[in-house]
Amino acid sequence: MKEEHPHLDALRTEIEAAERRVARGFDPGPRGFVVAILIFVLLGSFILPHTGAVRGWDVLFSSHGAGAAAVALPSRVFAWLALVFGVGFSMLALMTRRWALAWVALAGSALAGAAGMLAIWSRQTVAAGHPGPGLGLIAAWIVVLALTYQWARVVWSRTIVQLAAEEQRRRVAAEQQSITLLDRLDSAAGADAADRAPRDPEA
């Protein structure tokens, strides 16, 4: 009969509970405070001028001289991506601590980083007489890159935890299988010894 191994069962239960916790959400730890500061700084960058006297909010809504400053599509795309993913989804991921939202924040921030580089390049190559990239645009781009790095660290830490849990589960399964095999061999040896034992002729 198969013997139970309570310590292995308890270890497997603990590993499965850890995997369920990892699947549900993440714990940003001190990195969450860094992300919150970056979100606040990114919001503040929209108050600063992105080009000339045109602020980030003006770039978003094409107001207060954005057209006169020849604000092109790359600047608007970057501003919206930074607002939606760098601020919106980053805040949602930080508050709900859901992996899916962390992935969206990472992908969107990376896309915003590429758009920001294009926006800065477009302001540097604008026609003569128009202002170049402003402090707000450069600051927003740097903050978006920092957010991308932070979310990449969060996502990567989850991957490491999952791999470790899977490896531990495989180790426990292999250990239980070997113990079960030894139990079967011991049972078979005991049965064989019982069959070979001399019997009492008077029995």
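With a relative accessibility of 25%, F89 counts as partly exposed; partly exposed residues lie between buried (under 20% relative accessible area) and exposed (over 50%), with a 1.4 Å probe and protein chains only. The model is predicted: local features require pLDDT of at least 70 and side-chain atom pairs pLDDT 80 or more, whereas totals for chains, interfaces and linings use all residues. Residues are numbered from 1 along each chain as its sequence is written, and side-chain values use heavy atoms, with hydrogens and water left out.

The chain contains six helices and two strands, taken as DSSP runs numbered from the N terminus (helices: H or I, at least four residues; strands: E, at least two). Their order along the sequence is α-α-β-β-α-α-α-α. Of the 203 residues in the chain, 34% are buried. Among contacts (heavy atoms within 4.5 Å) with a separation of 6 or more, 74% are between residues 24 or more positions apart. The chain exposes about 12000 Å², of which carbon and sulfur atoms supply 67%; areas were computed by the Shrake-Rupley method with a 1.4 Å probe, and for residues only the protein chains shown count as cover.

Three aromatic pairs are present in the structure. In one of these, F85 and F89 are stacked, with 5.4 Å from centre to centre and 20 degrees between the planes. Pairing requires the ring centres of Phe, Tyr or Trp (its six-membered ring) to lie within 6.5 Å; planes under 30 degrees apart are stacked, over 60 edge-to-face, and the rest tilted. F85 and F89 both belong to helix α4 (residues 73-96), where four residues, about one turn of the helix, separate them. F85 counts as buried because its relative accessibility is 18%.

Leaving aside residues up to four places away in sequence, F46 touches R55, G56, W57, L60, A79, A82 and L83.

H50, in strand β1 (residues 49-51), is buried because its relative accessible area is 3%. With the exclusion of residues up to four places away in sequence, the residues touched by H50 are S45, R55, G56, V59, G132, P133, G134, G136, L137 and A140.

I37 is part of helix α2 (residues 30-45) and is partly exposed at 40% relative accessibility.

M91, in helix α4, is partly exposed at 36% relative accessibility. The C-alpha atoms of M91 and V35 are 8.7 Å apart in space, although 56 residues separate M91 and V35 in sequence. In the loop between α4 and α5, R97 has a positive phi near 55 degrees. Most residues other than glycine have a negative phi. R97 is partly exposed, with 39% relative accessibility.
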